[in-house]
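Here are my notes on this model. Please read them with the structure open.

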Amino acid sequence: MSNRVELESRGLGMQFGGVHALAGVDFKLRRQELRCLIGPNGAGKSTFFKCVCGMLKPTAGDITIRGQRTNGLLPHQVARLGIGIKTQVPSVMNGLTVRENLWLAARRDNTSAVANRLVADIMDRLLITDLAAELLETLAHGKRQLVELGIVLAGQPWLILLDEPAAGLTADEVDRMIDVITDINRESSLIIVEHDMHFVRRIARQVTVFHQGRVLIDADVDTVMASQDVRDVYLGKQV
Ligand SMILES: Nc1ncnc2c1ncn2[C@@H]1O[C@H](COP(=O)(O)OP(=O)(O)OP(=O)(O)O)[C@@H](O)[C@H]1O
Ligand SMILES: [Mg+2]
């Protein structure tokens, strides 16, 4: 793993009226890292993602992506820098098939022929080729999650943000999701928000804990799991 910092936030703040959703987040992600973000409900994890990908304009601080200051860029401009995000809200089109959903995403930056190859490759990687002609609305939750991930991959991002990719998955589907994420991490950096601690332990080396809009601790997974501060935060105690 190279030591180059590819994403950095400094003093990042996001205020909604009187609520400081982010209250000075300092964060660094190095090339090809796989980082998990954890923290209790309302800690600011999704808000951080939205600021990074341009869905929200931070009210304080800076975000730098590969050396370029990106605060104030619009989502499509951040996407053009090679950032892909899967939010907690679905982005698939229910009335279209799996292949059509992926193709629309792949066609955005590619010729039709390249998009066809890219879609075939993504379905192969995600092991969903047999679902190509199925309508999204007919798929169970776990398969839809894989298609959502496929839509992100169709943008060929070098940095992928995943908000709760394991939520609602069965044990087998979690295993598959871990394989897929490990495979993606061979080429791309990832930041993953996840509540499921077993999942976090199985995929992450480095974990960042958010609490009340700040980074509480940023350390290897064993240190984080053993931290009394982290336990207290999850139990709702003040630290
Ligand atoms: N658009 C908004 N308007 C007002 N307040 C918001 C908005 N988005 C988030 N917040 C508030 O900001 C805080 C952080 O929310 P955020 O969604 O980032 O938390 P989270 O860590 O992703 O939580 P969860 O684990 O429940 O998904 C919360 O207090 C939330 O109510
Ligand atoms: Mg969230």
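Helices here are DSSP runs of H or I with at least four residues, strands are runs of E with at least two, and both are numbered from the N terminus. The model is predicted.

1. Start with the ligand shell. Helix 1 gives ligand 1 the largest share of its shell, three residues. Helix 1 spans 45-52, and strand 2 spans 19-30; each supplies at least two shell residues.

2. Which residues surround ligand 1? They are Phe16, Val19, Ala21, Gly39, Asn41, Gly42, Ala43, Gly44, Lys45, Ser46 and Thr47. Sorted by class, the shell around ligand 1 holds six polar, four nonpolar and one charged residues.

3. Strand 2 also has a partner. Strand 1, residues 5-16, runs antiparallel to strand 2, and nine bridges join them. Within this pairing, Ser9 sits opposite Phe27 of strand 2.

4. Check the turn. The hairpin of strand 1 and strand 2 has two residues between the strands. There, Gly17 adopts a positive phi near 55 degrees.

5. Now look at Ile181. This residue belongs to helix 6, residues 171-184. Is Ile181 buried or exposed? Ile181 is buried, because 22 other C-beta atoms lie within 10 Å, and the cut-off for buried is 20 or more.

6. What does Ile181 touch, leaving out residues up to four places away in sequence? The contacts are Leu190 and Ile203. Pro75 is another reference point: Ile181 and Pro75 are 106 residues apart in sequence, and their C-alpha atoms are 23 Å apart in space.

Conventions. Residues numbered from 1 in each chain as written. Chains lettered and ligands numbered in written order. Predicted model: local features only at pLDDT ≥ 70, side-chain atom pairs only at ≥ 80, totals over all residues. Near = placed C-beta within 6 Å. Nonpolar A, V, L, I, M, F, W, Y, C, P; charged D, E, K, R; others polar. Pairing = 2+ DSSP bridges. Buried ≥ 20, exposed ≤ 12 C-beta atoms within 10 Å, placed from the backbone. Contact = placed C-beta atoms within 7 Å.
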